[in-house]
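I opened this entry to log what I looked up, one topic at a time.

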Amino acid sequence: MDITQLYDYCLSLNGTSESFPFDKFDGDVLVFKVATKMFALTSLKDWEKENYWVNLKCEPDYALELRAQYEAVQPGYHMNKKHWNTVHFNQDLSDKEILKLIKHSYDLVVKSLPKKVQDELQ
């Protein structure tokens, strides 16, 4: 998977937007949100250095399972380690599995939104 595929998939999810909200990183950290909440972020500078990863929200028990099962899944870099994973590409996790984890992250965030916003996303 490359950055374009990651970008296109994230934006294909209903109600998703992208931004660079962290001024101190000078347009490096690409963030995907549903409504106003983040569900995925990555560093464009790291992609340029061929260090491919994305931070994804994850249900805490499932996050621990994934970390135990896959070398590619690590506690979230610069994130709450209980709720976020850093998922590295081109290791022991297929692109299909990574897409499932992106969707899991998106779904978790949607479930946390007010019911009215959830209904609008349907």
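**Aromatic rings**

I find Trp47, Tyr52 and Phe89 linked into a cluster by ring pairs. I am working from a predicted model. My search of the whole structure gave five aromatic pairs.

I took tyrosine 7 and phenylalanine 32 next. Their ring centres are 5.9 Å apart and the planes stand at 65 degrees. Edge-to-face needs over 60 degrees, so I log this pair as edge-to-face. Tyrosine 7 sits in helix H1 and phenylalanine 32 in strand S2, 25 residues apart, so I note a link between distant parts of the chain. Buried or exposed, I asked of phenylalanine 32? It is buried, at 1% relative accessibility. Tyrosine 7 is partly exposed, at 28%.

I then checked phenylalanine 39 and tyrosine 106. This pair is also edge-to-face, with 5.5 Å between the centres and 85 degrees between the planes. Phenylalanine 39 is in strand S3 and tyrosine 106 in helix H4, so the pair ties together parts 67 residues apart in sequence. Phenylalanine 39 is buried at 0% relative accessibility, and tyrosine 106 is buried at 6%.

**The sheet**

I traced an open sheet of six strands, in the order S1-S2-S3-S4-S6-S5, with antiparallel pairing. Which strands stand at the edges? I find S1 (16-19) and S5 (73-75) there; each has a single partner strand, so one side of each has no neighbour in the sheet. Neighbouring strands are turned by 25 degrees against each other on average, direction ignored.

Glutamine 74 has threonine 86 in S6 as its bridge partner.

Helix H1 (residues 3-12) packs on this sheet. I see H1 touching S1, S2 (29-34), S3 (37-43) and S4 (53-57). The direction of H1 makes about 135 degrees with that of S1.

**Salt bridges**

How many salt bridges does a search of the whole structure find? I get two.

Lysine 103 and aspartate 107 meet at 2.7 Å, N to O. Both lie in helix H4 (residues 95-112), four residues apart, about one turn of the helix. I list lysine 103 as partly exposed at 32% relative accessible area, and aspartate 107 as partly exposed at 30%.

Aspartate 119 and lysine 115 meet at 3.2 Å, N to O. I place both in helix H5 (residues 115-121), four residues apart, about one turn of the helix. Aspartate 119 is partly exposed at 42%. Lysine 115 has 58%, and over 50% counts as exposed, so I log lysine 115 as exposed.

How values were computed. Residues numbered from 1 in each chain as written. Predicted model: local features only at pLDDT ≥ 70, side-chain atom pairs only at ≥ 80, totals over all residues. Heavy atoms only, no water. Salt bridge = Lys/Arg side-chain N within 4 Å of Asp/Glu carboxyl O. Helix = DSSP H or I, 4+ residues; strand = E, 2+ residues; numbered from the N terminus. Buried < 20%, exposed > 50% of the residue type's maximum accessible area, 1.4 Å probe, protein only. Pairing = 2+ DSSP bridges. Axes fitted to C-alpha atoms, helices over the stretch in contact; angles between N-to-C directions. Contact = heavy atoms within 4.5 Å. Phe/Tyr/Trp six-rings, centres within 6.5 Å; stacked < 30°, edge-to-face > 60°.
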